[in-house]
Amino acid sequence: MTRSFFISIAIAAGCFVSCKKNSAPNQPPAYFSWSINGGTGQVSDTTSFLSLFGINTIFGTKGTTNVYISTNSTNTGIYSKLSASAGFGVIIAGTQYNSISGIINIISNTDRRLSGTFGSQLIATIDTIDINGNFSNIRY
């Protein structure tokens with residue numbers, strides 16, 4: 001079974017295990033946004049953080065699009081698909097895109113809140129997409 005399978009199960013389960021919604025009194029709201037193929041930027045309607053089996057994943061949903069990024073740590077630094085320390089996935093209207101390459105840069109980890117940027121190239125069958133985005137105030 002692939003990492004994407006487990007991530008899909010986590011999405012379907014609604015982040016049942018160790019999921020933290022990103023709302024807390026007196027804190028700025030969580031922000032997770034992306035652009036696909038340089039198009040219009042999208043801001044997630046819902047954002048969640050899930051830590052499961054040593055993988056830390058941020059999920060964002062906007063309409064029929066689900067985006068996730070994952071790392072093996074919450075420390076600041078650069079995480080890469082090449083070194084297997086980063087993972088990416090996009091589901092658009094039921095079509096799952098799996099990562100070919102990508103980097104996540106956690107720029108800040110303050111008061112258990114993550115901020116940073118990401119970029120990845122993904123593929124579904126023969127269709128490829130590029131995604132770039134950023135996140136801030138993601139509580140874990």
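## Terms and model

On a 1 Å grid over the protein atoms alone, a cavity is a set of points where a 1.4 Å probe fits but cannot get out, and its lining residues have an atom within 4 Å of a point. Its volume is the space filled by probe spheres set on the points, with grid points joined across faces, edges and corners.

The model is predicted: local features need pLDDT of at least 70, side-chain atom pairs count only at pLDDT 80 or more, and totals for chains, interfaces and linings use all residues. Residues are numbered from 1 along each chain as its sequence is written, and side-chain values use heavy atoms, with hydrogens and water left out.

## Overall build

The chain has one helix and 11 strands. Helices (H or I, at least four residues) and strands (E, at least two) are DSSP runs, numbered from the N terminus.

Of the 140 residues, 41% count as buried. Buried means under 20% relative accessible area, exposed means over 50%, and partly exposed lies in between (1.4 Å probe, protein chains only). Among contacts (heavy atoms within 4.5 Å) between residues at least 6 apart in sequence, 52% join residues at least 24 apart.

## Aromatic pairs

The structure holds four aromatic pairs. Rings of Phe, Tyr and Trp (its six-membered ring) pair if their centres lie within 6.5 Å; planes under 30 degrees apart count as stacked, over 60 as edge-to-face and the rest as tilted. The ring centres of F32 and F118 are 5.6 Å apart and the planes are at 35°, so this pair is tilted. Because F32 is in strand β2 (residues 31–36) and F118 in strand β10 (residues 113–124), the pair ties together parts 86 residues apart in sequence. F32 is buried at 0% relative accessibility, and F118 is buried at 5%.

The pair of F49 and Y140 is also tilted, with centres 5.7 Å apart and planes at 45°. F49 is in strand β4 (residues 46–52) and Y140 in the segment after β11 (127–139), 91 residues apart. Both F49 and Y140 are buried. Ring pairs also link F32, W34 and F118 into a cluster.

## Nonpolar core

A nonpolar core is a set of buried Ala, Val, Leu, Ile, Met, Phe, Trp, Tyr and Cys residues joined through side-chain atoms within 4.5 Å. The largest one has 22 residues, of which F32, I69, I104, F118 and F135 touch the most other members. Strands β2, β6 (65–71), β8 (86–92), β9 (95–110), β10 and β11 each supply at least two residues of this core.

Leaving aside neighbours within four places in sequence, F118 has contacts that include F32, W34, I69, I104 and F135.

## Cavity

One cavity of 30 Å³ or more is found in the whole structure. The largest cavity holds about 60 Å³ of space. Among its lining residues are N56, I69, S70, I104 and F135. Strands β5, β6 and β9 give two or more residues to this lining, and β6 gives the most, with three.

## Positive phi in two loops

Most residues other than glycine have a negative phi. F53, not a glycine, has a positive phi of about 55°. F53 lies in the loop between β4 and β5 (55–62) and is exposed at 78% relative accessibility. A93 also has a positive phi, near 50°. A93 is placed in the loop between β8 and β9 and is exposed, with a relative accessible area of 59%.

How values were computed:
1 Å grid on protein atoms, 1.4 Å probe; cavity = no way out; pocket = protein on both sides within 12 Å on 5 of 7 lines; lining within 4 Å.
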